[in-house]
Amino acid sequence: MNKLIKISVITVLFFCIFSCKTQHFETPEYGKNETEKVIRIKKITNFRTIGNMENTEGRVLKAGIFYRSAHLHKLKKKSFNEIEKLGIREIIDLRNPKEIVQKPDQIPHHILYKKYSAFEDEGDQLSQARKLVLKGKVDASDADKRMTEFYREYVTEDPETLKTIITAVLESKDPVLYHCTAGKDRTGIITALILTILKFDRETIYNEYLLSNNYREELVQKRLRLANTLHFLYPKMDLQVLEKLSWVEKKYLDAAFEEINKKYGSADVYIERVLGISEHKRKEYIQKFTY
């Protein structure tokens, strides 16, 4: 039996050595000026608070009010008290119903849990896309286009749900945590919109967005190395597709803002007409969340 195991391992290594081509992965752009204190909670990735940033009016966003992260499916009960210590009383799940069923959040019972999906995976597009990737039917360029299109659609496809999400975050009386699966795209867009409402400039908004690359670096690099090592299992797959889907890029967020400008003229008009937030209400939110 031991001989068979050794033979199997040797066979796998043989195919890996002679079938795999070492993939060169690009270095992503990272965020700078990290002002938030690093908060580490076991089994939650890309977890952070948004705060200690100065807006265009010279006011500073309070830390410990808005929290963002990836899903909480692996959160252990022994870590519940760490969530409670942060004062979080509300969690908003941005994932679609299928994602939630597959990996439901594990959270303390007394925390208010809400779920709002502004993206519905009609026709199981995500699963179909994964199959195409494994078969080599999708390359890095295709993945890039799909990511760009996703950002464009997310801010305009379901405005009512986006309005509900933004309102729920801004009207919360206690610290709130919102998240999607990886905590980088949907969560990144929602954060960018909130910071726009609170009158932060684009440089600050984009820097906060890119911090997902900082917080996810170890996880992503580990996945890329593993995929590269086991590439012989799916030799037709373009590993740069995995790379494109793992990092955030400025041009993706550009696509969201460009779509808003194209359809509504400006972010200010979008905030008032789509999100239902008047200039007076924006001032109230700025007073509420900054000092």
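User: Hi! How many cavities of 30 Å³ or more does the count come to?

Analyst: Hello! The count comes to one cavity of 30 Å³ or more. Keep in mind that this is a predicted model.

User: Thanks. How much space lies in that largest cavity?

Analyst: About 30 Å³.

User: And which residues line the largest cavity?

Analyst: The lining is made up of Val155, Ile189, Ala192, Leu193, Leu253, Ala256, Phe257 and Ile260. Two elements give two or more residues each to this lining, namely helix H7 (186-197) and helix H10 (250-264). The largest share comes from H10, with four residues.

User: Nice. Let's switch to the sheet. In what order do the strands come?

Analyst: The order is S1-S2-S5-S3-S4, five strands in an open sheet with mixed pairing. Strand S1 (48-50) and strand S4 (112-115) are the edge strands, each with a single partner, so one side of each has no neighbour in the sheet. On average, neighbouring strands are turned by 25° against each other, direction ignored.

User: Do S1 and S2 run parallel or antiparallel?

Analyst: Antiparallel: S1 and strand S2 (residues 66-69) are joined by three bridges. As a landmark, you can look for Ile50, which stands opposite Phe66 in S2.

User: And which way do the S2 residues point?

Analyst: Phe66 and Arg68 point one way, while Tyr67 and Ser69 point the other way. All of these S2 residues are buried.

User: How many bridges join S2 to S5?

Analyst: Four, and here S2 and strand S5 (residues 176-179) run parallel. On the S5 side, Leu177 is the bridge partner of Tyr67, and His179 is the bridge partner of Ser69.

User: Are the S5 residues buried or exposed?

Analyst: They are buried, and both faces of S5 are covered. Val176 and Tyr178 lie on one side, with Leu177 and His179 on the other.

User: What about the neighbour on the S3 side, which sense is that pairing?

Analyst: Strand S3 (residues 90-93) pairs with S5 in the parallel sense, over four bridges. There, Glu90 stands opposite Val176 in S5.

User: Last topic, helix H6. How many residues does it have, and how far does it reach?

Analyst: H6 (residues 159-171) has 13 residues and reaches 18 Å from its first C-alpha to its last. That is close to the 18 Å expected at 1.5 Å a residue.

User: Which H6 residues are buried?

Analyst: The buried residues of H6 are Thr161, Leu162, Ile165, Ile166, Ala168, Val169 and Leu170.

User: Why would residues three or four places apart point the same way in a helix?

Analyst: An α-helix has 3.6 residues a turn, so residues with that spacing point the same way.

User: Great, thanks for the tour!

Terms used
Residues are numbered from 1 along each chain as its sequence is written. This is a predicted model: local features need pLDDT of at least 70, side-chain atom pairs count only at pLDDT 80 or more; totals for chains, interfaces and linings use all residues. Side-chain values use heavy atoms; hydrogens and water are left out. The expected span of a helix is 1.5 Å times one less than its number of residues. Buried means under 20% relative accessible area, exposed over 50%, partly exposed in between (1.4 Å probe, protein chains only). Two strands pair if DSSP finds at least two bridges between them. Axes are lines fitted to C-alpha atoms, for helices over the stretch in contact, and angles run from 0 to 180 degrees between N-to-C directions. On a 1 Å grid over the protein atoms alone, a cavity is a set of points where a 1.4 Å probe fits but cannot get out, and a pocket is an open set with protein on both sides within 12 Å along at least five of seven lines; lining residues have an atom within 4 Å of a point. Grid points are joined across faces, edges and corners, and a volume is the space filled by probe spheres set on the points.
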